[in-house]
Amino acid sequence: KDEDCCQAVYKIAAPVSFLQAGLVGVTALPLDVTRYQSINSTNRPFVETTEDKGIASHLTIDFGGATLKSVISHREFSAQNDVDADFGPADILYQKISTDQTLDSYELTLNGKSKNIDWLIGAYYADETADIINATPYGADLQRFITLATLGSINSTTAAALYPTNGGAVKSVFGQNGSSWSVFTHEQIQFTDKFGM
């Protein structure tokens, strides 16, 4: 799946939006309060791609009085979400989120019938990992924006040192691993043709 989606919208543009617009020479901002409109940096596209795939194997063995079933599966999910994080015409902040997940599961059951008892025993195991990287690189207009927003108290030289373009990104890395297992059984007893439990 490859989408061009989704960005925040304006109904009323705030003063900071005009400050952004002035940095890049944008003269018109959405001011029609009856409509919702969106604006973003032209060099910062909204990107949303996802890939979800998996495979599973099913094995059944009939022993006559009992049946063995095995299910083994593997799934992978990855996503990339890039968004103009300041939601304005200037290139100030850009957020990039990468997600990778995997899931492996195994299930084994043995069931059969003995006289008036239907029985089943089984076991299940699953292992899942998730890794997420969230980065917010500084845009090319951030230094000038900081200087203007602070009325020059942070000059361009200091701003360049503190907020280097495409550098100094705020980056968060999240990782999680989880596993679970269970052993289960199910029996049904038929006492008569019309009564069972």
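# Salt bridges, strands and a nonpolar core

Asp82 is buried, with a relative accessible area of 8%. Buried here means under 20% relative accessible area, exposed means over 50%, and partly exposed lies in between (1.4 Å probe, protein chains only). The model is predicted, so local features need pLDDT of at least 70 and side-chain atom pairs count only at pLDDT 80 or more, while totals for chains, interfaces and linings use all residues. Residues are numbered from 1 along each chain as its sequence is written, and side-chain values use heavy atoms, with hydrogens and water left out.

## Overall layout

The chain has 3 helices and 6 strands. Their order along the sequence is β-α-β-β-β-β-α-α-β. These elements are DSSP runs numbered from the N terminus: helices are H or I with at least four residues, strands are E with at least two. Of the 197 residues in the chain, 25% are buried. Take the contacts (heavy atoms within 4.5 Å) between residues at least 6 apart in sequence: 68% of them join residues at least 24 apart.

## Strand pairing

Strand 2 and strand 3 run antiparallel and are joined by 16 bridges. Two strands pair if DSSP finds at least two bridges between them. Within this pairing, Ser57 sits opposite Ile72 of strand 3. The hairpin of strand 2 and strand 3 has 3 residues between the strands. Gly64 takes a positive phi near 95° in that hairpin. Strand 3 also pairs with strand 4, again antiparallel, over 19 bridges. Here Val83 is opposite Gln95 in strand 4.

Gln95 comes up again in the surroundings of Thr136. Thr136 lies in strand 5 (residues 117-136). Apart from neighbours within four places in sequence, Thr136 touches Leu93, Tyr94, Gln95, Ala169 and Val170. Thr136 is buried, at a relative accessible area of 16%.

## Salt bridges

There are 5 salt bridges in the structure. The term requires a side-chain nitrogen of Lys or Arg within 4 Å of a carboxyl oxygen of Asp or Glu. Side chains of opposite charge can pair when their charged atoms come close.

Asp82 forms one of these bridges with Lys96, at 3.3 Å from N to O. This pair links distant parts of the chain: Asp82 is in strand 3, Lys96 is in strand 4 (residues 94-114), and 14 residues separate them.

Lys53 and Glu76 form another, with their closest N and O atoms 3.9 Å apart. That pair also links distant parts of the chain, with Lys53 in strand 2 (residues 47-62) and Glu76 in strand 3 (residues 66-84), 23 residues apart. A network of salt bridges ties Glu51, Lys53 and Glu76 together. Arg144 and Asp141 meet in a further bridge, at 3.0 Å from N to O.

How exposed are the partners? The table gives the class for several of them.

| Residue | Class | Relative accessible area |
|---|---|---|
| Lys53 | partly exposed | 42% |
| Glu76 | partly exposed | 32% |
| Lys96 | partly exposed | 32% |
| Arg144 | partly exposed | 42% |
| Asp141 | buried | 10% |

The largest nonpolar core has 7 residues: Leu23, Ala90, Ile92, Tyr138, Leu142, Phe145 and Ile146. Helix 2 gives the most to this core, with 3 residues. Such a core is a set of buried Ala, Val, Leu, Ile, Met, Phe, Trp, Tyr and Cys residues joined through side-chain atoms within 4.5 Å. The buried residues of helix 2 include Leu142, Gln143, Phe145, Ile146 and Thr147.

Gly22 belongs to helix 1 (residues 15-24). Gly22 is exposed, at 56% relative accessibility.

Which residue just after helix 2 takes a positive phi? Leu151 does, at about 55°, and it is not a glycine. Most residues other than glycine have a negative phi. Leu151 lies in the loop between helix 2 (142-149) and helix 3 (156-162). Leu151 is exposed, with a relative accessible area of 80%.
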